[in-house]
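Here is a friendly note to read alongside the model. Please have it open as you go through the points.

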Amino acid sequence: MKVLVTGANGQLGTDVVLALEKKGFDVKAAGRSEIDITNFSDVSEKINKFMPECVIHCAAYTNVDMAEEERNTCKLINVTGTENIAKAAVSVGASIMYISSDYVFDGTNNMPMEIDDKPNPINYYGMTKLLGEEAVKKTTDKYYILRTSWIFGENGKNFVKTMLNLSEKNESVSVVNDQIGSPTYTADLAKLISNMISVGHYGIYHATNEGFCSWADFAREIFAISNKNTEVIPINSSEYPSKAKRPFNSMLSKRCLEINGFERLPIWKDALTRFLNQHFF
Ligand SMILES: NC(=O)c1ccc[n+]([C@@H]2O[C@H](COP(=O)([O-])OP(=O)(O)OC[C@H]3O[C@@H](n4cnc5c(N)ncnc54)[C@H](OP(=O)(O)O)[C@@H]3O)[C@@H](O)[C@H]2O)c1
């Protein structure tokens, strides 16, 4: 199968390309310099040239705080860009996998969110991710919308790397303890993505590593696995002012994976151990 990946130099995109190549797909890895998703004629020309059967759309504006200020840019990339990709995919008969986010939910209850729970984003980035989902749904029936959360991988900035850097210069770090979610290793998610497009059950999915924790728990585990003595001081979100609000509950229910015959991803602590062992020790 011919598969085109947008955002191929990003955190998730890099591992998606690797996972697809490993499975023997004919992959076109498109970073921003190959396809600017905000330019429809560029998108259309490149998609018509490669003629993919599936497009995995990993490109996005992902700076959640900056999005509050750079609203036009964020919307152009996450909404118009997604619409462009979906329309061009449809024009060549390709399916699309759109990577979405836990931030489409407001996180005001304390249960894992199901795929059909009502989204209600509380920050601008989350709003554009939801509008991206809607753009995909109104353009084609051949879609996968895959919501994930708290991504870490080798390529790009993430919480694990930030904590390891902080631990070099600090004996303690203050970390938010009242937002709960699931860390997700890009290599595990990429493997699932490559399985999903082989099977072809379209629809909305939630996919993260298993288990839930707070950012403070996540930091403690990073330091424990890396044998760092850095102390984690738990704080409330109100003590860590940021431009964008974040949901307290980012837990996603993964029942939809089993229902469609997919294995759940490994426990997040196992994923974190593999990531750290592979890339840092
Ligand atoms: N990171 C998380 O914790 C998280 C959580 C939930 C969902 N997600 C979603 O998961 C997906 C992948 O996230 P990620 O962490 O891998 O993001 P990332 O590392 O920021 O990668 C996004 C990629 O998109 C590219 N891009 C931005 N604007 C573009 C444009 N106009 N045309 C083409 N490419 C463009 C970026 O290129 P440049 O490097 O050149 O800017 C970057 O390589 C995104 O849809 C994101 O919303 C992420």
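The points below cover the basis of the model, then the sheet, then the ligand site.

1. This is a predicted model, in which local features need pLDDT of at least 70, side-chain atom pairs count only at pLDDT 80 or more, and totals for chains, interfaces and linings use all residues. Residues are numbered from 1 along each chain as its sequence is written, and side-chain values use heavy atoms, with hydrogens and water left out.

2. Six strands form an open sheet with parallel pairing, in the order S2-S1-S3-S4-S5-S10 (strands are DSSP runs of E, at least two residues, and helices runs of H or I, at least four, numbered from the N terminus; two strands pair if DSSP finds at least two bridges between them). At the edges, S2 (26–30) and S10 (203–206) each pair on one side only.

3. Within this sheet, have a look at S4 and S5 (residues 143–148), which pair in the parallel sense over six bridges. Ile96 has Tyr143 in S5 as its bridge partner.

4. Now to the ligand: helix H1 (11–22), strand S4 (95–101) and helix H4 (124–139) each supply at least two residues of the shell around it. S4 gives the largest share, three residues.

5. For polar contacts (pairs of N or O atoms within 3.5 Å; within protein, one must be able to donate a hydrogen and the other to accept it, and residues adjacent in sequence count only if both atoms are side-chain atoms), check Thr62, with a side-chain N or O atom 2.7 Å from a ligand oxygen. Lys129 places a polar side-chain atom 2.8 Å from an oxygen of the ligand, and Gln11 has a backbone N or O atom 2.9 Å from a ligand oxygen.
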